[in-house]
Amino acid sequence: MKKGIHPAYDYVVFRDTSSDTSFRIRSTCTSDRTIVWEDGKTYPLVELDVSSASHPFYTGEQRRVSAEGRVARFQQRFGQFSRQPSDSDQG
């Protein structure tokens, strides 16, 4: 690898502000803020709005759309266009 063209790849602490959880991983992200991690070392801190700790897909709190409501909405919008049987269909 060429020297000086790659970003620094080191440990960074990411904090999810909505669930107040933190995790340390290696990343090229940088930050002016720092935090002292559980191991006593200081790492850059990047704050996130959403992570796997708070996203509905990963937490299982995903909104379920009722199929019954979908069918009713479809019938309301397109029910008037129902197919009329033609002479060739009765054959």
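Val12 counts as buried, at 2% relative accessibility; buried means under 20% relative accessible area, exposed over 50%, and partly exposed in between, with a 1.4 Å probe and protein chains only. The model is predicted, so local features need pLDDT of at least 70 and side-chain atom pairs count only at pLDDT 80 or more, while totals for chains, interfaces and linings use all residues. Residues are numbered from 1 along each chain as its sequence is written, and side-chain values use heavy atoms, with hydrogens and water left out.

Val12 is found in strand S1. Strands (E, at least two residues) and helices (H or I, at least four) are DSSP runs, numbered from the N terminus. Leaving out residues up to four places away in sequence, Val12 touches Phe23, Arg24, Ile25, Ser27, Cys29, Pro44 and Val46, where contact means heavy atoms within 4.5 Å. One of these residues, Ser27, is 15 residues from Val12 in sequence, and the two C-alpha atoms are 6.2 Å apart in space. Ser27 has its place in strand S2 and counts as buried, at 11% relative accessibility. With neighbours within four places in sequence set aside, Ser27 is in contact with Ala8, Tyr9, Asp10, Val12 and Phe14. A polar atom of the Ser27 side chain lies 3.0 Å from the backbone nitrogen of Cys29.

The strands are arranged in a sheet. Strands of a sheet pair through backbone hydrogen bonds, either parallel or antiparallel. Here 4 strands form an open sheet with mixed pairing, in the order S2-S1-S4-S3; two strands pair if DSSP finds at least two bridges between them. Strand S2 (21–27) and strand S3 (34–36) stand at the edges with a single partner strand each, so one side of each has no neighbour in the sheet. On average, neighbouring strands of this sheet are turned by 45° against each other, direction ignored; the axes are lines fitted to C-alpha atoms, for helices over the stretch in contact, and angles run from 0 to 180 degrees between N-to-C directions.

S1 and S4 pair in the parallel sense over 4 bridges, and Asp16 has Leu48 in S4 as its bridge partner. S3 pairs with strand S4 (residues 42–48) in the antiparallel sense, over 3 bridges. In S4, Thr42 stands opposite Val36. The hairpin of S3 and S4 has 5 residues between the strands, and Gly40 in this hairpin takes a positive phi near 90°.

In soluble globular proteins, nonpolar side chains tend to be buried together. The largest nonpolar core has 5 residues in all, namely Val13, Ile35, Trp37, Tyr43 and Leu45. A nonpolar core is a set of buried Ala, Val, Leu, Ile, Met, Phe, Trp, Tyr and Cys residues joined through side-chain atoms within 4.5 Å. Not counting residues up to four places away in sequence, Tyr43 touches Tyr11, Val13, Arg24, Arg33, Thr34, Ile35 and Trp37.

Side chains of opposite charge can pair when their charged atoms come close. The structure holds 3 salt bridges, a salt bridge being a side-chain nitrogen of Lys or Arg within 4 Å of a carboxyl oxygen of Asp or Glu. In one of them, the side chains of Glu47 and Arg15 meet at 3.1 Å, N to O. Glu47 lies in strand S4 and Arg15 in strand S1 (residues 10–16), so this pair ties together parts that are 32 residues apart in sequence. Glu47 is partly exposed, with a relative accessible area of 36%, and Arg15 also counts as partly exposed, at 21% relative accessibility.

Glu47 forms a salt bridge with Arg33 as well, with the closest N and O atoms 3.1 Å apart. This pair links distant parts of the chain, since Glu47 is in strand S4 and Arg33 is in the loop between S2 and S3, 14 residues apart. Arg33 counts as partly exposed, at 45% relative accessibility.

Asp39 lies in the loop between S3 and S4 and Arg24 in strand S2, so the pair ties together parts that are 15 residues apart in sequence. Asp39 is partly exposed, with a relative accessible area of 40%, and Arg24 counts as partly exposed at 30% relative accessibility.

Note on methods:
Polar contact = N/O pair within 3.5 Å; in protein donor to acceptor, adjacent residues only side chain to side chain.
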